[in-house]
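My entries follow in the order I made them.

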Amino acid sequence: MPGPVPGEGVPAPRERFDAAGRRVLLVCVAGGFTTLLDQSVLNTALPALRESLHAQPAHLQWIVAGYSLAFGLALVPGGRLGDVRGRKWLFVVGLAVFTLVSLLSATATEPWVLVAARLLQGAGAGLVNSQMIGTLQDVFTGQLRARALGMYAVTGGLAFTLGPPVGGAVLAAVGPEYGWRLTFLLNLPFGLATVALAARYLPRPRPSARNADLDVVGLLLVGALTLTLMLPFVQPPGWTGGLAFTAGACLLLGVLVRWQRRRARSGGQPLIHPALTRSRPYALGTAVAMAQFGSSVAAGLVLTMFLQDGLGLSPMGAALVALPSAVSMGVASALAWRVVQRFGRRTVTAGLTGSALVMLTSGLVVHWGPAGALPWLLAALQLLGGAAVGVMGATNQAFVLRHAPAEAAGVSGAILQMAQRIAAAVCVSALSGVYLRATGGGGGHRAAYTWAAAVCAAVTGLAVLASVFAGRAAADREPTDRAGGAVGGGLGGAVGHAADGQRAGKAAGEVAGRAV
C-alpha cells in the first residue's frame, strides 16, 4: 500500500455547503431515510403481520425479499434514465409511488395484496435511490461530494439500525393487530414532505441529457440478469433449479457483454460506460462494497435471530443491543473525513479489518461468555463494529464513484447499489441457512451463531484483500489522472490532499451553485 502523498498530513480547509447545496442534500438524505427505514421497520412487525393476515411462509418470504428484488431491478434502469432524461421528476415519481403504495400496504386484508404492494414499493424505492447518488454527483465535487455521499451512506446505515427499535416501540404502543399497519403509515408524512421539497429544490434536468442515447436492449438484459441472480435467493428453487438459474445468468452475462461491445463499435452509447468496465479501482471497490455490505446485513440478521431465539430477548430488547452500532456509526462517519485526510485509502482497509475482528470476536464471546452478560458484551462489540463501518463505508463509496465519468453518474451509483443488494441477498440466504442448519444439528444457538459469525468475518476478510488491491490499482492510475486533470474533482478533493485537493475544494461551492 503506498504511503501518504506529500502534504497529506496538512489539513485542507473544510468546505461548507451553500444554501442551495444544503437543500439538495436535505432532499436526498430525507428520501434515502424514508425508503430504507421502511424495510428495516417491517422486520420487527413480521410476526404480528403473519398472525393478522394468516400469511404462509411463502407469503412472508415474498413480502420481505420481494421488496429487495424489485428495488434491485429498478436501480440500473432508473440510474440510466436519470442520466438520459434528468433526475428530478424520476425522483418525485418514484417517491410518490413508494409513499402512496404504503397506504395500500397498511390497509391490506390479504397476503397477496401486501406482496403486490411491496413489489411496487421496492420499484419506487429503487427508482428514488438511483437518482439520489446521481444527483449528489451532479451537484457536488471534490470534498463536498465526498461529504454528501458520506451523509447519504450514514443515513442508510442509521435507518437500517433504527428501524427495529422504532418498529418495536410502535407495536408496544398500539398492539400487534394495528401496530404492523401503523409501521407502513409512518412513511406517509415523511414521503409527502420529501416529494414537495424535491419538486421545489432539486435541480432541473440538464438540457443536454434529454437528447442522449438510451440503450433499451442493454436495460432489458441488465434487468433479466438481475432477476436471474436474485430470484433464487428470494424463492429457493432447489438444486436443479439453482443450476438452471446459474446457467441462465452466465448466458445473459455473455449476451450483455457482446451487446455492449457491439453497441460501442457501432457508435452508440452503451448502457455500462466503457470507463467503468476498464477501471480496476471501480471494479475492486465495488467488490469491497459487496462483501462488506453483504456480510454486515447477514451478521445483523443472525444477531437478531440469536438474541431472540437463543437468549429469549423481546424484539425491542434485541433492537436495543444493536442500537449502539447506529450511534457509533453516525459519530465515526462525521469524523471520517479527518481520518481519510491523513491516511487516504488505507482508512477503508483499516475499517474493514476492524469490522472483521469484531465479527470474529462476537462469535468467540457468544461461544465462551456467560449467558447473562452476553447482551451487554454484544452491545459493546456492536459499538466498535458500527465505528469501523462508519469510518470506511462512505469512504469506499467516494473512492469508487471517483472513477465514474459525469455522463454515467447515475448508472455507476446504481451498479454499486445493485451489486450490494445482490450480495445482501446471497449472504442473508447463505448465512441464515448456516445458522439454522447448525442449530438443527444439535449444537445449539451458541454454536450456530459462532459458525455464522466466523463466516461473516471470512467474507469481510476477502473485502480487506480486495481493498488492498483496489488501493494499488488506484495508485497505478494516479499519474494518469493527474495528467488529465481529474484529481481535483476526485479523490484529491475528496480526501483533502494538499495542492490538487485544496484547489478542487475552492471550486466545489461554485460548481454546486451553477449546477443548482
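**Overall make-up.** I counted secondary structure and found 18 helices and zero strands in the chain. I keep in mind that this is a predicted model. Next I checked burial: of the 516 residues of the chain, 54% count as buried. Last, I looked at contacts between residues at least 6 apart in sequence. Of these, 85% join residues at least 24 apart.

**Helix α1.** I looked up residues 19-53, which form helix α1. Its 35 residues should span 51 Å at 1.5 Å a residue. I find 47 Å between its end C-alpha atoms, which agrees. I also noted a kink of about 60° at Ala 45. The kink in α1 comes shortly before the proline Pro 47. After α1 comes His 54, and I read a positive phi there, near 55°.

**Helix α13.** I repeated the check on α13, residues 315-343. Its 29 residues reach 40 Å from the first C-alpha to the last, close to the expected 42 Å. Where does α13 bend? I place the bend at Leu 335, and the angle is about 45°. Gly 344 follows α13, again with a positive phi, near 65°.

**Aromatic pairs.** I searched the whole structure and got four aromatic pairs. I took up Tyr 67 and Phe 71, whose ring centres are 6.2 Å apart.

I then turned to Phe 306 and Tyr 449, an aromatic pair that is tilted. I read 5.2 Å centre to centre and 35° between the planes. This pair links distant parts of the chain, 143 residues apart. Phe 306 belongs to helix α12, residues 280-310. Tyr 449 belongs to helix α16, residues 409-483. Phe 306 is buried, with a relative accessible area of 1%. Tyr 449 has 5% relative accessibility and so counts as buried, the cut-off being under 20%.

**Cysteines.** How many disulfides are there? I count zero. I checked Cys 427, whose closest cysteine sulfur is in Cys 456. The two sulfurs are 7.2 Å apart; a disulfide would need them within 2.5 Å, so this is too far for a bond. Cys 427 counts as buried, at 12% relative accessibility. Cys 250, by contrast, is exposed, with a relative accessible area of 53%.

**Leu 301.** I stayed with helix α12, where Leu 301 is found. Leu 301 counts as partly exposed, at 31% relative accessibility. Leaving aside neighbours within four places in sequence, I find Leu 301 in contact with Val 428 and Ser 432. Val 428 is 127 residues away from Leu 301 along the chain. Their C-alpha atoms are separated by 7.4 Å.

**Gln 420.** I moved to helix α16, where Gln 420 lies. Gln 420 counts as buried, at 16% relative accessibility. What does Gln 420 contact, leaving aside its neighbours within four places in sequence? I list Ala 289, Met 290 and Phe 293.

**His 367.** My last stop was helix α14, residues 346-368, which holds His 367. Its relative accessibility is 38%, so His 367 counts as partly exposed. Not counting residues up to four places away in sequence, His 367 touches Arg 446 and Thr 450. I also checked His 367 against Trp 451, 84 residues apart along the chain. I get 9.6 Å between their C-alpha atoms.

Conventions: Residues are numbered from 1 along each chain as its sequence is written. This is a predicted model: local features need pLDDT of at least 70, side-chain atom pairs count only at pLDDT 80 or more; totals for chains, interfaces and linings use all residues. Side-chain values use heavy atoms; hydrogens and water are left out. Helices (H or I, at least four residues) and strands (E, at least two) are DSSP runs, numbered from the N terminus. The expected span of a helix is 1.5 Å times one less than its number of residues. The bend at a residue is the angle between axes fitted to the seven residues ending there and the seven starting there. Buried means under 20% relative accessible area, exposed over 50%, partly exposed in between (1.4 Å probe, protein chains only). Contact means heavy atoms within 4.5 Å. Rings of Phe, Tyr and Trp (its six-membered ring) pair if their centres lie within 6.5 Å; planes under 30 degrees apart count as stacked, over 60 as edge-to-face and the rest as tilted.
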